[in-house]
Amino acid sequence: MNVNNFVCEPDLDLSTIDRNEENLIIVDRKNLIKVERYIGFPLEKVLADSDEFPVIFNSGDGYDSFSFVFLDGNQMNMDFEKISLILMEKLLVIVINSQSLHRMAKSEFVEEFVSGSTTTMYMTFMELIFYEMSGQLREYEAHLYYMRSQLITGGREYRIGEIIHEREMCLTLKKYTRQLLLSREALKRNSNNLIPEKEMRILPNICAKIGLLSEIADHLTELSAHLMELYRSTVSTKSFHAFYKLTVFSFFATPMIVLSGIYGINFINRLELLRPFGFFLVLGVTLGISSIIFLLLKKCFYKQNLS
């Protein structure tokens, strides 16, 4: 198989390409027109038709086009990158933009399968991509579990925007994996018969990996919903404690407020004016009432803990 990798060699010359031989072309969107010119196939039009759909499988006149999203990045900064595979007789075009996929294209992966046919490469590449994506989702799952443990233990405070971002990521991922399940059925049909029967043996592995991705996405969606509930519960608990402290303070302050209000009235017959220890007597009554309130609250709190 002839490998033409524009990721490694952006100035590659395709003028010598032989369509009678097996050819693999790895390219990004900016070099697509250059490839179009040499293979005589409207790649831009085919990809433009699928741009409005993140995940779509099309069988056209003599070609199969499969576009889907790849979860790229690390645990803290995940993003969706689109990848497109166009399979024709003796020709496979892989259109990628993600940096992770660029690194994959530059790795030993290409050299490992150049001895096979384009259909073998087509199936094996999909199998590898979905395997890599399942690994990314497992890492993302560990990140969400870490967030959950931090919310439960109070080890770190998260802003509502962070929780909503993770929730939206999981819902988007679930939508994309559902679309992958639909595309899996179209892939099985092999309408153009571009994939020989012997190559179809890889298809069950690909379908199983797509099914696994869907299951992981469903689990991540449930986990993100749990994060939202934990966040609301944490906020409610903090609000309750703040309100509880204010309530206790108001209980203690009430006797002082009442007595100071009474003694704020201008009249002559006041204890502290007629007796030398009158002021201390009023202060003692205030502290006594506050102490009774404290003991009652302590008793109620103790009974609540026992129950």
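Is Glu185 buried, partly exposed or exposed? Glu185 is partly exposed, with a relative accessible area of 35%, where buried means under 20%, exposed over 50% and partly exposed in between (1.4 Å probe, protein chains only). This is a predicted model, in which local features need pLDDT of at least 70 and side-chain atom pairs count only at pLDDT 80 or more, while totals for chains, interfaces and linings use all residues. Residues are numbered from 1 along each chain as its sequence is written, and side-chain values use heavy atoms, with hydrogens and water left out.

**Salt bridges**
- The structure holds six salt bridges, each a side-chain nitrogen of Lys or Arg within 4 Å of a carboxyl oxygen of Asp or Glu.
- Glu185 forms a salt bridge with Arg184 (3.7 Å, N to O), and Arg184 counts as buried at 18% relative accessibility.
- Glu185 also forms a salt bridge with Lys188 (3.7 Å, N to O).
- Salt bridges that share partners join Arg184, Glu185 and Lys188 into one network.
- Arg178 pairs with Asp218 in a salt bridge, with the closest N and O atoms 3.4 Å apart.
- This pair links distant parts of the chain, 40 residues apart: Arg178 in helix 6 and Asp218 in helix 7 (residues 203-262).

**Helix packing**
- Helices are DSSP runs (H or I, at least four residues), numbered from the N terminus.
- Helix 5 (residues 118-153) and helix 6 (residues 160-189) pack at an angle of about 155 degrees, with their axes 13 Å apart; the axes are lines fitted to C-alpha atoms over the stretch in contact, and angles run from 0 to 180 degrees between N-to-C directions.
- Helix 5 and helix 6 are therefore roughly antiparallel to each other, a term for angles over 145 degrees.

Note on methods:
Helices (H or I, at least four residues) and strands (E, at least two) are DSSP runs, numbered from the N terminus. Angles under 35 degrees count as roughly parallel, over 145 as roughly antiparallel, 65 to 115 as roughly perpendicular and the rest as oblique.
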